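Dear colleague,

I am handing over a structure that will be new to you, and below it I have set out what was found. Please read the notes with the model open beside them.

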Amino acid sequence: MLVALLAGLLTGFLGSIPLAGPVALLVAREGLAGRVRRGRGVALGSALGETLHALIGLLGLGRLLTQSPSALSFGRLGVGLLIIVVGALAWRHPPDFGTARRSAPVSENARSAFALGFGMTAFNPTLLVTWGTVGALLRLQGWVQSTPEVLACTLGAGLGVAAWFWPATGWIASWSEDRTPPTLRRLHRGVAGALVILGVVLLLPTSWTRLGALA
């Protein structure tokens, strides 16, 4: 069971490191604005969503769900549009990077950040494919076979995601304290623009044709 827990932990941790995903961009956005609690709320919400995908994939149900046209359509539209809206709002309403950011605490709503992180992860069907593949590999290796091992690996996956994004929010916030407001505004707009582009890419039919071929 320990091997299954470590396998899930390592997979969740390493899978969270790339900066191209929506959750990574959201955490970067909150960290640049100094909103550590919101960034960690996004991280915990994403960890819960990843846990659900890991459980589905490890139980071997990912293939059934990804072959459902309605499930793919819902995930595609929901996640793609949500990312576009969040990116557009971030571009249009950047936080105050001036003296107010350093002289007064920034208003933070960790609950809404948690819901956003959960929604972007839980309704992203690409993760069904990812964890379906991971589950098949782990079963082939004999590391995840019994129900307790599936649950241990699932728990490890969620902990792995949180183990990366939780400290990453603090690192980004600390790094941003030494940057000038114009630099932070440019970086924030870059993150916002990347979110919009990512949302548009997720809505492209070609990307979902490739997803269906992998499923």
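Two residues are said to be in contact when they have heavy atoms within 4.5 Å, and the word "touches" is used in that sense below. Please keep in mind that this is a predicted model.

With residues up to four places away in sequence left out of the count, L26 touches V42, V86, L116, M120 and L195. L26 also belongs to the largest nonpolar core, a set of 28 residues in which L26, V42, I83, V86, M120, F165 and L195 are the ones that touch the most other members. At least two residues of this core come from each of the helices α2 (22–32), α3 (36–58), α5 (69–92), α7 (110–122), α9 and α10 (181–203), and the largest share, seven residues, is supplied by α2. There is also a second, separate core, made up of twelve residues, among them A7, V134, V144 and A152.

On the surface, L2, L6, L9, L155 and L159 form a nonpolar patch, and together these residues have about 470 Å² of accessible area. Both α1 (2–16) and α9 (147–176) contribute at least two residues each to the patch, with α1 giving the largest share, which is three residues.

Is L155 buried, exposed or partly exposed? Buried means under 20% relative accessible area and exposed means over 50%, so L155, with a relative accessibility of 49%, counts as partly exposed.

With kind regards

Key: Residues numbered from 1 in each chain as written. Predicted model: local features only at pLDDT ≥ 70, side-chain atom pairs only at ≥ 80, totals over all residues. Heavy atoms only, no water. Patch = residues over 30% accessible without salt bridge, like charges linked within 9 Å, V, L, I, M, F, W, Y side chains within 5 Å. Areas by Shrake-Rupley, 256 points an atom, 1.4 Å probe, with all protein chains shown as cover. Salt bridge = Lys/Arg side-chain N within 4 Å of Asp/Glu carboxyl O. Helix = DSSP H or I, 4+ residues; strand = E, 2+ residues; numbered from the N terminus. Buried < 20%, exposed > 50% of the residue type's maximum accessible area, 1.4 Å probe, protein only. Core = buried A, V, L, I, M, F, W, Y, C linked by side-chain atoms within 4.5 Å.
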